[in-house]
Amino acid sequence: PGEAQVDFGLLEAVKDGQYVDVHGLSLSLPYSNATFCVPLPSENQECFLKGLETIFKQMGAVPRVLRIDNLKAAVIKPRGRHQEVEFTHELHQFSAYYGCEIQACNPYSGHEKGHVENKVGYIRYNFTTPAPVMTSYEQLTDWLEDQLTQDRQRQHYVKQQTIEDLYQDEHQHMLHLPDQDYPIFKEKWVKANKYGEIVVDQVKVHVPKSYNFGQVRLVLYWDQFKVTSPNGEILMKDVRPYMHKRRQIPWQGILSSWLDKPRAIEYSRYQPYLPVRIFEYIRIEDHRLRKERLRWLIHQLAQHDMEQINDQFYDLIDNDLQPEHDDHPYDVDWSLYDQNIPRGEST
C-alpha cells in the first residue's frame, strides 16, 4: 500500500468545435486499484511535475513510491549495464520536497508498471470515447476527477471490497501533503533575433523591446510563459503556443453521411460537437428540409470552418440561402432565431 505507478497516455477532447490532443498523466495504486488522471497539453517537464502535484492535491496525500518509465521529462540517462538511472535535477528537487521515492523501470520494460499501462487504456475507452467536450484544462481535470471518484465505488476484482474502501485503507500508508505548493517552472536565458523574436515551443514569438537587450529571461510554466529583461522588467506574458494546437473535425464527411441518413443526426457521436445554433438549424423535423439545410451547410464548409459559419450565421443565411420552398411549413424570423434555443445553452 502507498506505492504508485505513473504514465502518460494520449487522449482526445473537443474544444471550440475542434479536436485537441490531450496528454493524460495517470497515476494508479495497485494495492487498491484506485486511479487518478490529469489532462495536460504536453509531456514536458513542467506538465509532468504539475500533473503530479495536481494528483497529490486530489488525493490529499503523497504516495511513498512512484514508479515511472524513462520519460524525457524525468530521466536524463536510463539504467544501463553497471550504471544506475540518472534523474533530472528538477525531479530530484520535487521528490525531496514531497518526500516520495522515485523508481525507474528498466528500458523497454513496460510490464514493470503494467498496472498503470492498463489504466491508461481503461480511462481512454471508458471516459474519453467518444471525445468529451472541454472548455479548459481545469474544467476537464475536474470532470475526470468526478468520473474516477465515482468509478471507485465498484468492487475490486479480487478483494471483494469496494475500491473506495481499499483506497481509504491505503491512504493511511501515504505521506502528508506539504502546506505549500512546490513552485513548478523552468527558466533560461535566450537571445532575440533582429526582428525581436524568440522561440517558444518551436514557435517564433515576437517580444516587444527584446532586441534592446543582449539576452532576455524566459520563464516557462505548464500553460503560460513570460519574458523579462535582465533588470526584471516584464516584457511579455502569454499562454504557451501549444495551448492553441487543434485539429479540424472532418465535418464534410460527417455531414455527407448525415445526408444519406438524416434521422441519425440526433444520435450521432458528433452531434454534441456542433455549435448549438447550427444543431438547432439542421434538426428540423421535416427531413426534406433537413437535407436541404445539410446541403447548404456542406456548401458553406467549402469556404468557412464550422466556427466561422456559426459566428456569421445570419449574414450567410441572408446572403446565400435562397427560400427553400414557397410552401415552407415554418415561417422563421432569423433575427429572433437564438431566442428559440433553450436557456443555459451556448451558441
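This is a predicted model: local features need pLDDT of at least 70, side-chain atom pairs count only at pLDDT 80 or more; totals for chains, interfaces and linings use all residues.

I started with what the buried residues of α5 (163-171) pack against: β1, β2, β3, α1 and α4. Contact here is heavy atoms within 4.5 Å. The residues in question are I163, E164, L166, Y167 and E170, which are buried (under 20% relative accessible area; exposed is over 50%, partly exposed in between; 1.4 Å probe, protein chains only). They cover an arc of only 160° around the axis, which puts them on the same side of α5; the arc is taken over directions from the helix axis to the C-beta atoms.

Residues are numbered from 1 along each chain as its sequence is written, and side-chain values use heavy atoms, with hydrogens and water left out. Helices (H or I, at least four residues) and strands (E, at least two) are DSSP runs, numbered from the N terminus.

Next I checked α4. It has 15 residues and reaches 21 Å from first C-alpha to last, close to the 21 Å expected at 1.5 Å a residue (1.5 Å times one less than the number of residues). I listed its buried residues as Y137, L140, T141, L144, L148 and D151. Down the axis of α4 they fall within an arc of 105°, so they line one face of the helix. Their cover includes β1 (3-15), β2 (18-29), β3 (34-40), α1 (45-59), α3 and α5.

How do α3 (114-127) and α4 (137-151) pack? I get an angle of about 105°, with the axes 12 Å apart. That makes α3 roughly perpendicular to α4 (65 to 115 degrees; under 35 is roughly parallel, over 145 roughly antiparallel, the rest oblique). Axes are lines fitted to C-alpha atoms over the stretch in contact, and angles run from 0 to 180 degrees between N-to-C directions. On the α3 side I see Y122, I123 and F127, meeting W143, L144, Q147, L148 and D151 in α4. The contact residues divide into 6 nonpolar, 1 polar and 1 charged.

A cis peptide bond joins T129 and P130, omega about 0°, and P130 lies in the loop between α3 and α4. Q160, in the loop between α4 and α5, has a positive phi of about 55° although it is not a glycine. I find Q160 exposed, at 57% relative accessible area.

Key:
Ala, Val, Leu, Ile, Met, Phe, Trp, Tyr, Cys and Pro count as nonpolar, Asp, Glu, Lys and Arg as charged, and the others, Gly among them, as polar.
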